[in-house]
Amino acid sequence: NWQAYISVAGTAGEAPVVAVADAPDQRLEAYSVNKIAVATAVLDKVDRGLLALDQRLEVTAEIVVPGGDGIFSLDNAYPSSVTLGHALTALLTVSDDTAVRLCGLVCPAAELNSILVAKGFPDTQVEPVANPNRFFLGTSTPRQTHDLLRAHVAGTVISPSSTAFLFNVLRSPIAFTDGIRRVMSSQERARVATKAGWFGTARHEAGVIFDPT
């Protein structure tokens with residue numbers, strides 16, 4: 001199975017040109033691609049003064065996802081604490097699964113989903129569980145993930161400072177280097193903001209390729 005939605009930026013004032021549209025409205029398990037949506041909701045709360053990037057979150061042994069992707073499961077030194085900014089960076093670069101739970105401490109599933117609905121992304125939702133501060137990463141569609149990234153580029157989703165934070169992390173050298181970034185120079189990789197998600201034989205990737213300027 002293959003689903004995709006890809007557009008190419010037009011010149012100034014022109015709408016993007018759709019290059020690929022293959023079942024773009026099929027709702028899919030988004031896996032870690034939805035970590036972009038999680039970060040969007042958390043940064044929205046930062047913009048509204050409800051959270052701060054420098055506030056500290058406690059990392060307990062109980063909250064760490066054993067064997068999950070990322071770095072928190074590797075250090076075996078708990079309890080410890082990190083800033084919210086550190087948790088978001090781990091979430092979007094090394095796709096840390098424990099960072100999802102840290103985000104859930106400050107942005108519960110129901111609130112996270114309501115933020116995304118209010119911003120126009122009703123099919124991009126996390127999946128709540130019994131614990132209101134935890135969730136599975138849920139679903140999206142190719143079109144809505146595309147449109148969320150386009151809106152971030154346009155600066156219409158979160159504040160300029162939060163937008164800059166998001167893309168600085170997604171374009172960093174330590175961010176996902178398989179997929180589209182696999183055979184690229186460091187300079188080329190710096191133009192690509194990307195996030196991947198996978199489970200079993202399913203694999204997703206979403207992102208933005210910027211021009212040299």
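**Briefing: rings, backbone and a cavity**

At 63% relative accessibility, Asn-76 counts as exposed (buried means under 20% relative accessible area, exposed over 50%, partly exposed in between, with a 1.4 Å probe and protein chains only). The model is predicted, so local features need pLDDT of at least 70, side-chain atom pairs count only at pLDDT 80 or more, and totals for chains, interfaces and linings use all residues. Residues are numbered from 1 along each chain as its sequence is written, and side-chain values use heavy atoms, with hydrogens and water left out.

**Backbone**

- Asn-76 is found in the loop between strand 4 and strand 5 (helices, H or I with at least four residues, and strands, E with at least two, are DSSP runs numbered from the N terminus).
- Phi of Asn-76 is near 50°, a positive value in a residue other than glycine.
- Pro-79 has its place in the loop between strand 4 (56–59) and strand 5 (80–83).
- The peptide bond from Tyr-78 to Pro-79 is cis, with omega near 0°.
- Tyr-31 also has a positive phi, near 55°.
- Tyr-31 lies in the loop between strand 3 (28–29) and helix 1 (35–47).

**Aromatic rings**

- The whole structure has 3 aromatic pairs (rings of Phe, Tyr and Trp, its six-membered ring, pair if their centres lie within 6.5 Å; planes under 30 degrees apart count as stacked, over 60 as edge-to-face and the rest as tilted).
- One of them joins Phe-167 and Phe-210: the centres are 5.4 Å apart and the planes are at 85°, so this pair is edge-to-face.
- Phe-167 lies in helix 6 (160–170) and Phe-210 in the segment after strand 9 (202–209), so the pair ties together parts 43 residues apart in sequence.
- Phe-167 is buried, at 8% relative accessible area.
- Arg-171 lies over the face of Phe-210, at 4.7 Å from the ring centre (NZ of Lys or CZ of Arg must be within 6 Å of the ring centre and within 35 degrees of the ring normal).
- Arg-143 lies over the face of Tyr-5, at 4.8 Å from the ring centre.

**Cavity**

- The structure holds 1 cavity of 30 Å³ or more (a cavity is a set of points on a 1 Å grid over the protein atoms alone where a 1.4 Å probe fits but cannot get out; lining residues have an atom within 4 Å of a point).
- The largest cavity has a volume of about 40 Å³ (the space filled by probe spheres set on the points, which are joined across faces, edges and corners).
- Its lining residues include Val-33, Thr-124 and Ser-140.
- Helix 1 and helix 5 (142–154) each give two or more residues to this lining.

Key:
On a 1 Å grid over the protein atoms alone, a cavity is a set of points where a 1.4 Å probe fits but cannot get out, and a pocket is an open set with protein on both sides within 12 Å along at least five of seven lines; lining residues have an atom within 4 Å of a point.
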